Amino acid sequence: MADPHPIHVALRDVTKTFQSKLGSIDALGPVDLELRQGEFFAVVGPSGCGKSTLLDIMAALAPPSSGTVIFENRPIGASVPDGIGVVFQENACFPWLNVADNITFGLRRQPIEQTEIERRLQYALQLMGLNDFARAFPAQLSGGMRQRVCIARTLVMQPRLILLDEPFGALDQQTRLLMGDELLRIWRATNATVLLITHALDEAAMLADRVAVMSARPGRIMEVIETGWARDRDSRIVSAPEFGAITGRLWALLRTQSLQALRPDPA
Ligand SMILES: Nc1ncnc2c1ncn2[C@@H]1O[C@H](COP(=O)(O)OP(=O)(O)OP(=O)(O)O)[C@@H](O)[C@H]1O
């Protein structure tokens, strides 16, 4: 019988060491991690533990120093594989392009017919609630809406794995929760596998099926917690009693690591 939850992406013994004028910095790992097809996975960890480095390696934006990333049963090479979409915190809309042109920017560089581009644009505008803003320019939008444009731009490429690095970090708390709801809707609608890097424990606890807690640098996976939420959850679960238990557990794990990151051992 086919595995109902096949492994979509796997990290095997992945490490990263940066060389700089100050010497070498062991930033990450070794990390072993498996994301199941279609799951929502979050990663939390103390500041500077290597979360962004982990995401960059998964997106093939930086090579690992050792180890392998396997995506859809193939090792990731030097270029971003087809099927992986990335969203960063700093929303990088082109200010001179309107929302529709920002969203279709990458698509128009692909051999894709205009009718298909238009179809994907309309779908993304609809999913992200941007229908009324297709002709607006980024300067006319709020920070939350600009970030929705960035997510829509990734969505139209129809990624099967979506990597998000602190996508809502610059937004206020209410907007973050509502964007979380949108992300959950996208996840359900697309069946993509999602990996979310976040500082916010409540965001991780609300959105993810599983949350990995990383150690202080060089970041390793200390523990992976299953949240147990139903697939059709939304931000209202923040008032559920289990929610407090999950964030409490995450904080208990993270607290020691964060203290260590703030005051590393002199040894
Ligand atoms: N290009 C680079 N050259 C040298 N050191 C780097 C480079 N990129 C990251 N580092 C170092 O690697 C470590 C991990 O950085 P990374 O940005 O991955 O951490 P992070 O967990 O995402 O941090 P934060 O939570 O503060 O965003 C840090 O000590 C950082 O200074």
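With which residues is alanine 204 in contact, leaving aside its neighbours within four places in sequence? In this predicted model, local features need pLDDT of at least 70 and side-chain atom pairs count only at pLDDT 80 or more, whereas totals for chains, interfaces and linings use all residues. Residues are numbered from 1 along each chain as its sequence is written. With those neighbours set aside, alanine 204 is in contact with Ala42, Val44, Thr198, Val211 and Leu250, two residues being in contact if their C-beta atoms, placed from the backbone, lie within 7 Å.

Ala204 is also, together with Ala152, Leu163 and Leu250, among the residues that touch the most other members of the largest nonpolar core, which has 70 residues. Such a core is a set of buried Ala, Val, Leu, Ile, Met, Phe, Trp, Tyr and Cys residues joined through C-beta atoms within 7 Å, where buried denotes 20 or more other C-beta atoms within 10 Å of the residue's own. Because domain 1 (36-64 + 77-83 + 161-266) and domain 2 (93-158) both give residues to this core, it lies between them.

These domain bounds come from an automatic or database domain assignment. The C-alpha centres of domain 1 and domain 2 lie 25 Å apart, and the contact takes 11 residues from domain 1 and 7 residues from domain 2. On the side of domain 1 that touches domain 2, helix 5 (residues 173-190) gives the most, with 6 residues; helices (H or I, at least four residues) and strands (E, at least two) are DSSP runs numbered from the N terminus. The residues of that side divide into 8 nonpolar, 1 polar and 2 charged, with Ala, Val, Leu, Ile, Met, Phe, Trp, Tyr, Cys and Pro counted as nonpolar, Asp, Glu, Lys and Arg as charged, and the others, Gly among them, as polar.

The shell around the ligand has 4 nonpolar, 7 polar and 2 charged residues. Of the 13 residues around the ligand, Phe18, Ala27, Lys51, Ser52 and Thr53 come nearest, a residue being near if its C-beta atom, placed from the backbone, lies within 6 Å of the molecule. Strand 1 (7-20), strand 2 (23-36) and helix 1 (51-58) each supply at least two residues of this shell, to which helix 1 gives the most, with 3 residues.

Strand 1 pairs with strand 4 (residues 66-71) over 5 bridges, and valine 69 in strand 4 is the bridge partner of leucine 11.

How values were computed: A residue is buried if 20 or more other C-beta atoms lie within 10 Å of its own, exposed if 12 or fewer, and partly exposed in between; C-beta atoms are placed from the backbone. Two strands pair if DSSP finds at least two bridges between them.
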